[in-house]
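Let's take a walk through this structure together, one part at a time. Have a look at it first, and then read on.

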Amino acid sequence: MTASPDIRTAGRRQTAALSVFLVIQTLGTVFFVGDVIGDLREDPTSMHFIFEAIVTAALVLGILFGAFALRRTIELLRAQDQALAVARGALSDVIDRQFTAWALTPAERDVAFLALKGLDVAEIAELRGAAQGTVRAQLTRIYSKAGVSGRAQFAAFFVEDLLGQGVPTPTP
Amino acid sequence: MSTPQTLDADPSITPPRLWDPVVRLTHWGIAVSVLFNAALDEGGSLTHVSLGWLVMALLLLRLVWGVLGPTEARFSAFPPNPLAALRHLRDLAGGHPRDYPSHNPAGALMVYAFWAMLALVTVTGLIMTSGATPMQVADDKAAVASGDWSALIKESEAEDDAGLRHLAEETHEVAANLLLFLAALHVAGVALESRAMRRSLLAPMLLGSRRK
C-alpha cells in the first residue's frame with residue numbers, strides 16, 4: 001500500500017502537536033508555581049496571593065484537560081486503526097470468496113486482484129512478466145465470468161456492498 | 001495484578017509498537033537533561049538549575065500521564081512486582097522472555113527506581129538552591145556580576161539549616177551517581193532484551209518501526 005497522507009497521518013500529527021503543547025504547558029506551569037512559592041515566602045500579600053492561586057489552578061486544570069483530550073485522541077486513532085484492519089481483512093475475505101465463486105483460475109485471480117488495486121494493463125503486464133495482449137485477454141475473461149461490463153463495474157462490484165446507502169432515487 | 005502464569009501466548013498481549021508522544025518526549029527529555037547535567041555543566045550554574053527544573057516538569061507530566069494516559073502508559077499497566085521481575089529475569093536468562101502489554105516486570109521496577117531517584121535528585125537540588133527558580137538564579141548571578149554581593153549574603157544568612165543543606169548536597173551527589181548507574185543498567189537491559197526477543201525495544205521509543 002502506498003503512503004496515504006490522509007486522516008491517519010493528520011491524526012498522528014495532531015497527537016504530536018498536542019503532546020508538544022502539553023510539555024510546554026507543563027514547563028510554564030512548573031516555573032510559574034515555583035515563582036509563586038518564591039513570592040509567597042517574601043511577601044504573602046493576600047490579594048496578590050489569591051490572584052496567583054487562581055492562575056495556578058487554571059494552569060494545572062489546563063494540563064489535566066489537555067492530557068485527557070490527548071488520551072482521547074490517541075484512543076480514537078487506535079480504534080480507527082483497528083476498524084481499518086478489520087475492514088481490510090473482511091474485504092479480502094469477501095474478494096477471495098467471490099473469486100472462487102466465479103471460478104477464476106490462479107492466474108486470473110492475480111490479474112483480477114491487481115486490477116482491483118487500480119493498476120492498468122501495462123503495469124499488470126510488467127509486474128507479471130506477461131505480454132499486454134495476454135493480460136487484456138485475461139481481463140476480458142474475468143469480466144465475462146463476473147458478468148460485468150468492464151473495469152469500472154468490476155471495481156464497483158466490491159465497493160457497492162461497503163456503501164451503506166442505496167442510490168438516491170430522484171423524487172418528483 | 002496477579003499475573004496469570006498458565007496463560008502463555010495470549011495473542012491480545014502485544015507490547016506497544018510505538019509509545020505515545022508524551023512517553024517519548026518525557027523519556028528523551030529527561031535522558032538528555034540528566035546526561036547533560038551530569039557531564040557537561042557545572043553544579044549550581046544557571047544551565048544546571050534550568051535543566052533540573054525541566055526534569056522536574058517532565059517528571060511531573062509523566063506522573064500525571066501515568067493516571068490520565070492511554071492504557072500502556074498508566075501505572076496500572078506496570079505495577080511494581082519484584083517476584084514477577086525475578087521470574088522475567090529467569091525467563092530472559094533461559095532465552096525465552098515473554099511479551100507484556102507495557103514495560104516488562106523488570107523494566108517496570110527500573111522505571112520506578114528511576115522516578116524515585118529523579119525525585120530525590122530534584123528535591124535535594126531544590127533544597128540546595130533554596131527553591132530558587134532559574135529566573136531568580138539568573139538575577140542573583142547578574143547582581144553578583146555587577147558587584148552587588150548582597151545576593152551571596154542572603155544565601156549564607158540562613159545558618160540554621162546549613163546542616164540540612166549539607167545533607168542535601170551529599171544526597172544529591174549520591175543519588176545522581178546512582179541515577180547514572182541505573183541508566184547504564186537500563187541501556188544494557190534494553191540491549192539484552194532486544195537480542196533475546198529478536199526485535200528492537202529502541203524503535204518503539206524513537207519513531208516506531210517503519211514497516212507497515
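Before counting anything, a word on what a helix is here: a DSSP run of H or I with at least four residues, numbered from the N terminus, while a strand is a run of E with at least two. With that in hand, chain B reads α-α-α-α-α-α-α from its N terminus on, which comes to seven helices and zero strands. Keep in mind that what you are looking at is a predicted model.

Chain A has six helices and, again, zero strands, in the order α-α-α-α-α-α along the sequence. It has 172 residues, and 27% of them count as buried; for chain B, the share is 36% of 212 residues. Now take the contacts between residues at least 6 apart in sequence: in chain B, 75% of them join residues at least 24 apart, and in chain A the figure is 59%.

So what sits inside? In soluble globular proteins, nonpolar side chains tend to be buried together. Here the largest nonpolar core has 32 residues, and the members that touch the most others are L22(A), W65(B), L118(B) and L179(B). The top contributor is helix 4 of chain B, with eight residues. For a closer look, pick L179(B): beyond its neighbours within four places in sequence, it contacts V34(B), F114(B), M117(B), L118(B) and V121(B). There is also a second, separate core of 20 residues, with F99(A), V135(A), I142(A) and Y143(A) among its members.

On the surface, L40(A), M47(A), F49(A), I50(A) and I54(A) make up a nonpolar patch with about 470 Å² of accessible area together. Helix 2 of chain A gives the most to this patch, four residues, and F49(A) is found in that helix. F49(A) has a relative accessibility of 35%, so it counts as partly exposed.

Next, the charged pairs. Over all chains there are eight salt bridges. One of them joins D81(A) and R12(A), with the closest N and O atoms 3.5 Å apart; it links helix 2 to helix 1 of chain A, across 69 residues of sequence. Another pairs E108(A) with K145(A) at 2.7 Å, N to O. E108(A) is in helix 3 of chain A and K145(A) in helix 5, so this bridge ties together parts that are 37 residues apart in sequence. E108(A) is buried at 3% relative accessible area, whereas K145(A) is partly exposed at 32%. Salt bridges with shared partners also join R71(A), E75(A) and R74(B) into one network.

Which residue of chain B does R78(A) meet in a salt bridge? The partner is E72(B), at 2.9 Å from N to O. This pair crosses between chains, from helix 2 of chain A to the loop between helix 2 and helix 3 of chain B. E72(B) is buried, with a relative accessible area of 9%.

S102(B) is in the loop between helix 3 and helix 4 of chain B. With a relative accessible area of 6%, under the 20% cut-off, S102(B) is therefore buried. Leaving out residues up to four places away in sequence, S102(B) touches P16(B), W19(B), E72(B), A77(B) and F78(B).

Methods
Residues are numbered from 1 along each chain as its sequence is written. Chains are lettered from A and ligands numbered from 1 in the order in which they are written. This is a predicted model: local features need pLDDT of at least 70, side-chain atom pairs count only at pLDDT 80 or more; totals for chains, interfaces and linings use all residues. Side-chain values use heavy atoms; hydrogens and water are left out. A nonpolar core is a set of buried Ala, Val, Leu, Ile, Met, Phe, Trp, Tyr and Cys residues joined through side-chain atoms within 4.5 Å. Buried means under 20% relative accessible area, exposed over 50%, partly exposed in between (1.4 Å probe, protein chains only). Contact means heavy atoms within 4.5 Å. Patches are made of residues with over 30% relative accessible area and no salt bridge: like charges are joined within 9 Å, nonpolar side chains (Val, Leu, Ile, Met, Phe, Trp, Tyr) within 5 Å. Accessible areas come from the Shrake-Rupley method with a 1.4 Å probe; for residues, only the protein chains shown count as cover. A salt bridge is a side-chain nitrogen of Lys or Arg within 4 Å of a carboxyl oxygen of Asp or Glu.
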